[in-house]
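Subject: Structure for your review

Dear colleague,

Please find below the structure that I am handing over to you.

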Amino acid sequence: MIQEDKIIKALQATAAGGFIGDGAVILPDVRAANRYVISKDLLVEDVHFHTSYFTPEDLSHKSLHVNLSDIFAMGTQALYILCGISIPSNLQDYAIRFLNSLTLACQKVGVILTGGERV
């Protein structure tokens, strides 16, 4: 498997005016003087967490903050997040608790949960 730092270096060469960091990218807005930081960090069960001992509230906290930390590391503040989650059908109550907790966690830090995808 190719290492993350090698992927980042390869992408930096083709960033089209953006700056790629570890887990985030700064993109210029070609229509204005603004810049945008975009981040996506994926958490995988049995690699980054286990539902057997991670409560939905613990997982929502971790998933929010690993993504916020990438944005903060780029020297900026998060305004919005999207959520992508894949939870087996036998854990639907877990999913509902996770999403409710994520919504509350976002409110606490002043970030707007704008949507996402649930599989």
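This is a predicted model: local features need pLDDT of at least 70, side-chain atom pairs count only at pLDDT 80 or more; totals for chains, interfaces and linings use all residues.

The chain has 119 residues, and 29% of them count as buried. Its accessible surface comes to about 8300 Å², with 57% of that area belonging to carbon and sulfur atoms. Among contacts with a separation of 6 or more, 53% are accounted for by residues 24 or more positions apart.

A nonpolar patch on the surface

Leu42, Val44 and Val47 form a nonpolar patch on the surface, and together they have about 280 Å² of accessible area. Val47 is found in the loop between strand S3 (35–39) and helix H2 (56–73). Its relative accessible area is 61%, and since exposed means over 50%, Val47 is therefore classed as exposed.

Arg97 lies in helix H3, which covers residues 92–109. With a relative accessible area of 43%, Arg97 is partly exposed, because this class takes in values between the buried limit of 20% and the exposed limit of 50%. Not counting residues up to four places away in sequence, Arg97 touches Thr55, Pro56 and Glu57. Pro56 is 41 residues from Arg97 along the chain, yet their C-alpha atoms are separated by 5.8 Å. With Glu57, the side chain of Arg97 makes a polar contact, side chain to side chain, at 2.8 Å.

Leu79 and its surroundings

Leu79 is found in the loop between H2 and strand S4 (80–85). This residue is exposed, with a relative accessible area of 51%. Leaving aside neighbours within four places in sequence, Leu79 is in contact with Gly110, Val111 and Ile112. For Ile112, the C-alpha to C-alpha distance to Leu79 is 6.3 Å, although the two residues are 33 residues apart in sequence.

With kind regards

How values were computed:
Residues are numbered from 1 along each chain as its sequence is written. Side-chain values use heavy atoms; hydrogens and water are left out. Patches are made of residues with over 30% relative accessible area and no salt bridge: like charges are joined within 9 Å, nonpolar side chains (Val, Leu, Ile, Met, Phe, Trp, Tyr) within 5 Å. Accessible areas come from the Shrake-Rupley method with a 1.4 Å probe; for residues, only the protein chains shown count as cover. A salt bridge is a side-chain nitrogen of Lys or Arg within 4 Å of a carboxyl oxygen of Asp or Glu. Helices (H or I, at least four residues) and strands (E, at least two) are DSSP runs, numbered from the N terminus. Buried means under 20% relative accessible area, exposed over 50%, partly exposed in between (1.4 Å probe, protein chains only). Contact means heavy atoms within 4.5 Å. A polar contact is a pair of N or O atoms within 3.5 Å; within protein, one must be able to donate a hydrogen and the other to accept it, and residues adjacent in sequence count only if both atoms are side-chain atoms.
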